Amino acid sequence: MLNINKQSDTFLYQQVVDLIAENIKTGTLSPGDRLPSLRKMSNSAGVSIPTVRQAYIELERQRRVESRPQSGYYVRHRAANPIVRPARPLSVDPEPLRCRSLMERVYDGINNPDLVPLGIANPSMAKPAAKTLHRTMKRVMARAEDRSIGYASTLGEAGLRRQIAYHYLDTIGVNVEPDEICITNGGQEALLLALSAVASRGDIVAVETPTYHGLLELIDSLGMLAVEVETCPEDGVTLSALEQTLQKHAVKACMFSTTLGNPLGVTLPPDDRVKLVKMLEKYDVAMVEDDVYGDLLFDGTRPVPAQFLGSKARILTCGSFSKTASPGYRIGWIVSQKDTDEVARLKRAFSCSSGLLQQMTLSEFMASGDYSRHVKSLRPVLKQNSERMLAVVAEHFPKSTRTSKPVGGSVLWLELPKNVDAEQLFDDAIKAGISIAPGHIFSPCACYRNFVRLSYGHPWTDKTEQAIKWLGQHVQRLSTLTS
């Protein structure tokens with residue numbers, strides 16, 4: 001009997017996929033070897049023939065095997081891109097944002113429904129929870145009636161804050177008081193309020209590089225300056241580089257994603273998170289932690305945000321349902337143990353409160369267990385999509401292309417041949433009906449000119465695959481034309 005666990009939460013077909021992939025990785029199955037027939041694998045694994053067929057089709061999508069008419073499935077030679085190089089910024093001095101106009105064009109592309117959406121990080125849409133949320137909202141409206149269309153309190157609906165606090169207890173075993181949570185209009189307002197609570201106009205804010213472009217636009221809009229800190233594409237922000245930055249510049253705050261970063265898709269090792277907290281204490285620097293992807297590691301683990309590592313450092317943790325459940329609900333939150341009053345004051349000044357009906361719906365969505373079940377079912381879809389995208393990129397992009405190796409989330413970071421300009425690729429892709437995110441916007445000094453970010457946070461279709469193929473072929477053409 002093969003190692004198939006029918007009691008596992010992992011789908012049976014995915015267990016067959018993982019089993020075959022592991023045998024290919026270890027060399028038990030080599031390129032050219034024939035896989036067991038559907039019937040033989042079915043008997044050996046104790047699963048149905050349709051389950052094996054589904055697994056083999058998925059392995060074919062991932063370019064691990066190929067089907068041969070009247071013959072069966074065979075292991076194929078699978079190209080793999082090397083990982084992107086450690087990111088070393090061109091400048092280690094604080095920088096104003098240089099690419100605002102390009103960022104605006106990128107958002108125009110993201111919001112165009114006629115384009116293949118490879119430019120937006122939207123993991124919840126890979127397996128939408130729309131039907132469950134709609135049913136939940138109907139129940140809430142029927143029960144709450146007039147109250148559901150009223151104002152929420154400044155800190156947010158008490159029931160939702162209790163559910164979020166319980167989620168932290170249930171997933172990572174930390175105690176959060178509901179009154180330490182402030183509900184916001186999405187993750188972006190959470191980041192805005194948190195940064196405004198710990199820094200002011202003219203201050204210097206340290207960021208990973210590359211980093212989420214929304215952080216850079218936020219820092220710039222608040223009249224602050226961003227300074228990039230070298231970031232490892234496998235382990236996150238480099239602590240030795242951060243300490244050098246803190247010694248050289250009067251950094252007021254850091255904005256990091258230690259649990260799961262965007263666009264690299266990596267998590268800072270637990271020991272390094274502890275060291276980071278101690279460094280913040282040593283230099284008396286605050287941190288805003290972008291934790292919106294923390295529930296979306298492929299292996300189902302939930303890293304502990306830095307705030308909960310028992311420190312005296314001033315750390316605010318920002319979360320959101322936009323990446324896990326519903327971007328359109330625009331509900332996020334801040335957890336702050338030291339700045340609750342200041343966050344509440346800023347919340348009143350900026351937006352007063354967040355939508356009560358959405359909060360009540362999400363509260364019931366969590367209380368019923370539907371949220372946990374949804375996230376558990378979303379992770380394997382994202383993992384599957386990442387494997388497919390990596391395979392298509394390896395097959396169709398130039399061999400010199402390097403990629404990130406995400407451990408979760410919904411985006412892939414690509415390092416293209418040095419003579420390929422990502423902004424030109426962006427413009428050409430828009431004309432071809434595809435949106436992408438050029439690397440320029442992930443750095444204040446626009447230094448990632450031959451990088452792009454592609455999203456696999458949407459249902460995988462033939463149209464998606466064809467769009468990635470077109471991009472790879474066009475990068476080949478641009479590389480040849482400018483060489």
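Four strands, in the order β12-β13-β16-β15, make up an open sheet with antiparallel pairing; strands are DSSP runs of E with at least two residues, helices are runs of H or I with at least four, and both are numbered from the N terminus. Two strands count as paired if DSSP finds at least two bridges between them. β15 is joined by two bridges to β16 (residues 451–455), and the two run antiparallel. Ala437 has Arg453 in β16 as its bridge partner.

The model is predicted: local features need pLDDT of at least 70, side-chain atom pairs count only at pLDDT 80 or more, and totals for chains, interfaces and linings use all residues. Residues are numbered from 1 along each chain as its sequence is written, and side-chain values use heavy atoms, with hydrogens and water left out.

An open sheet of eight strands shows mixed pairing in the order β4-β11-β10-β9-β8-β5-β6-β7. Here β4 (181–184) and β7 (236–237) stand at the edges with a single partner strand each, so one side of each is left without a neighbour in the sheet. Within this sheet, five bridges connect β10 (residues 315–320) with β11 (residues 332–336), and these strands run antiparallel. Ser320 is bridged to Gly332 in β11.

Ser320 also belongs to the lining of the largest cavity, together with His167, Tyr168, Asp291, Val292, Gly294, Asp295, Arg302, Thr324, Trp333 and Tyr371. A cavity is a set of points on a 1 Å grid over the protein atoms alone where a 1.4 Å probe fits but cannot get out, and lining residues have an atom within 4 Å of a point. The volume of the largest cavity, about 70 Å³, is the space filled by probe spheres set on the points, which are joined across faces, edges and corners. In total, the structure holds seven cavities of 30 Å³ or more.

Helix packing was also examined. Helices α5 (residues 130–144) and α12 (residues 356–367) pack at an angle of about 115 degrees, with their axes 9 Å apart; axes are lines fitted to C-alpha atoms over the stretch in contact, and angles run from 0 to 180 degrees between N-to-C directions. α5 and α12 are therefore roughly perpendicular to each other, a term that covers angles of 65 to 115 degrees.

Methods:
1 Å grid on protein atoms, 1.4 Å probe; cavity = no way out; pocket = protein on both sides within 12 Å on 5 of 7 lines; lining within 4 Å. Parallel < 35°, antiparallel > 145°, perpendicular 65-115°, else oblique.
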